[in-house]
Amino acid sequence: MTLSQAEFAFVSNLVRKEASIVLAPGKEYLVEARLIPVARAVGAANVNDFIGDLQKRPDPAHQIKIIDALTTNETSFFRDREPFSALTDVVLPELIKSRSAVRKLRFWSAASSSGQEAYSLAITLQETLPTGWTYEILGTDISTAMVDRANKAEYSQVEVNRGLAATQLVQYFERAGAHWRVIPALRKNVSFKHMSLTAPFPPMQPFDVIFLRNVLIYFDVATKRQVLRNAAKILRPDGLLFLGAAETTIGIDDNYERVAAGRTSAYRTRTAAPVGAARRG
């Protein structure tokens with residue numbers, strides 16, 4: 001069975017309302033494929049019956065399951081590599097100079113999925129910061145299931161093979177049955193919580209670096225602009241914002257300027273004092 005126009009409209013309206021994710025017509029097959037396991041888990045005969053029952057009797061718990069299923073959670077350790085190289089080669093050396101009085105850095109992985117990005121940041125900081133420095137990393141995601149996975153910090157052999165060097169696997173992970181678990185010494189610096197980027201941000205201390213990668217592409221322009229403006233409020237004056245390779249602030253929020261960072265680029269607010277190693281792009 002395929003989704004009717006009314007069923008698809010119900011799901012797309014729900015996802016847009018709760019997560020600001022735009023599901024354009026033509027995504028019916030994707031929606032149905034993602035919701036088949038959800039329908040089975042709640043005892044529905046098929047996706048059509050599941051959606052029909054939900055239309056008649058709204059259930060917040062089932063709505064959350066739909067949001068979780070339709071949130072794209074593609075991720076891997078050190079995904080796209082270049083932003084992490086930029087941190088090691090350009091950004092962290094400058095931050096080490098400018099933060100020498102406090103010797104502490106704060107990072108935000110704003111769409112952290114199952115945690116690989118946040119733990120990749122932790123490994124990068126662990127291997128780059130001088131002795132005596134500390135750091136905090138906050139990972140947030142709209143999917144409660146992904147936040148639970150990130151907090152558990154356990155990954156399959158296939159997942160650790162995607163992006164991790166063998167030396168990093170041995171140093172920062174320990175065996176947990178058939179899986180690998182991030183060691184406590186690394187986990188203590190990383191925390192995760194559920195958060196919607198399209199809702200008003202909760203109170204947060206400023207961050208030195210924000211990774212807001214591969215999530216803006218799912219929002220309309222107005223939502224992108226609001227998310228970027230909220231992010232600017234909690235980015236330190238000389239801090240940097242990293243977006244996905246297909247994302248930009250240009251034409252969306254002129255309060256940012258693009259700067260070169262190694263072989264990739266990042267963004268800072270235009271009121272920021274120039275960072276020595278960064279050039280305007």
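Contact means that heavy atoms lie within 4.5 Å of each other. Helices (H or I, at least four residues) and strands (E, at least two) are DSSP runs, numbered from the N terminus. The structure is a predicted model, in which local features need pLDDT of at least 70 and side-chain atom pairs count only at pLDDT 80 or more, while totals for chains, interfaces and linings use all residues. Residues are numbered from 1 along each chain as its sequence is written, and side-chain values use heavy atoms, with hydrogens and water left out.

## Helix pairs

Two packed helices are described by the angle between their axes and the distance between the axes. Axes are lines fitted to C-alpha atoms, for helices over the stretch in contact, and angles run from 0 to 180 degrees between N-to-C directions.

| Pair | Angle between axes | Distance between axes |
|---|---|---|
| H5 and H6 | about 55° | 11 Å |
| H2 and H4 | about 130° | 9 Å |
| H1 and H4 | roughly 85° | within 10 Å |

Angles under 35 degrees count as roughly parallel, over 145 as roughly antiparallel, 65 to 115 as roughly perpendicular and the rest as oblique. Helix H5 covers residues 82–98 and helix H6 covers residues 116–128. H5 and H6 are therefore oblique to each other. H5 passes H6 in a right-handed crossing. A crossing is right-handed if the near helix is turned clockwise from the far one by less than a right angle, and left-handed if anticlockwise. On the H5 side, Phe84, Leu87, Thr88, Leu92 and Ile96 take part, and they meet Glu117, Ser120, Leu121, Thr124, Leu125 and Thr128 in H6. This contact has six nonpolar, four polar and one charged residues. In these classes, Ala, Val, Leu, Ile, Met, Phe, Trp, Tyr, Cys and Pro count as nonpolar, Asp, Glu, Lys and Arg as charged, and the others, Gly among them, as polar.

H2 and H4 pack at about 130°, with their axes 9 Å apart. That angle makes H2 oblique to H4, and H2 passes H4 in a right-handed crossing. Val31, Arg34, Leu35 and Val38 of H2 meet Lys65, Ile66, Ala69 and Leu70 of H4. The residues of this contact divide into six nonpolar, no polar and two charged.

H4 also packs with H1, at roughly 85°. H1 and H4 are therefore roughly perpendicular to each other. Here Val11, Leu14, Val15, Glu18 and Ala19 in H1 meet Gln63, Ile66, Ile67 and Leu70 in H4. By class, the contact has seven nonpolar, one polar and one charged residues.

## The nonpolar core

A nonpolar core is a set of buried Ala, Val, Leu, Ile, Met, Phe, Trp, Tyr and Cys residues joined through side-chain atoms within 4.5 Å. Buried means under 20% relative accessible area, exposed over 50%, and partly exposed in between (1.4 Å probe, protein chains only). The largest core has 45 residues, and Leu35, Ile66, Trp108, Leu197, Ile210, Leu212 and Leu241 touch the most other members. Among the elements that give two or more residues to this core are helix H1 (5–19), helix H2 (28–41), helix H4 (60–70) and strand S7 (207–212). H1 gives the largest share, five residues.

## Single residues

Which residues does Ala110 touch, leaving aside neighbours within four places in sequence? They are Thr140, Leu197, Phe211 and Leu212. Ala110 is in the loop between strand S1 (104–109) and H6, and is buried at 2% relative accessibility.

Val147, in helix H7 (residues 144–152), is buried at 7% relative accessibility. Not counting residues up to four places away in sequence, Val147 touches Ser113, Asp141, Phe192, Lys193 and His194. Val170, in helix H9 (residues 166–172), is exposed at 65% relative accessibility.

Most residues other than glycine have a negative phi, and most peptide bonds are trans. Asp80 has a positive phi of about 70° although it is not a glycine. Asp80 is found in the loop between H4 and H5 and is partly exposed, with a relative accessible area of 44%. Asn214 also has a positive phi, near 60°. Asn214 lies in the loop between S7 and H11 and counts as partly exposed at 21% relative accessibility.
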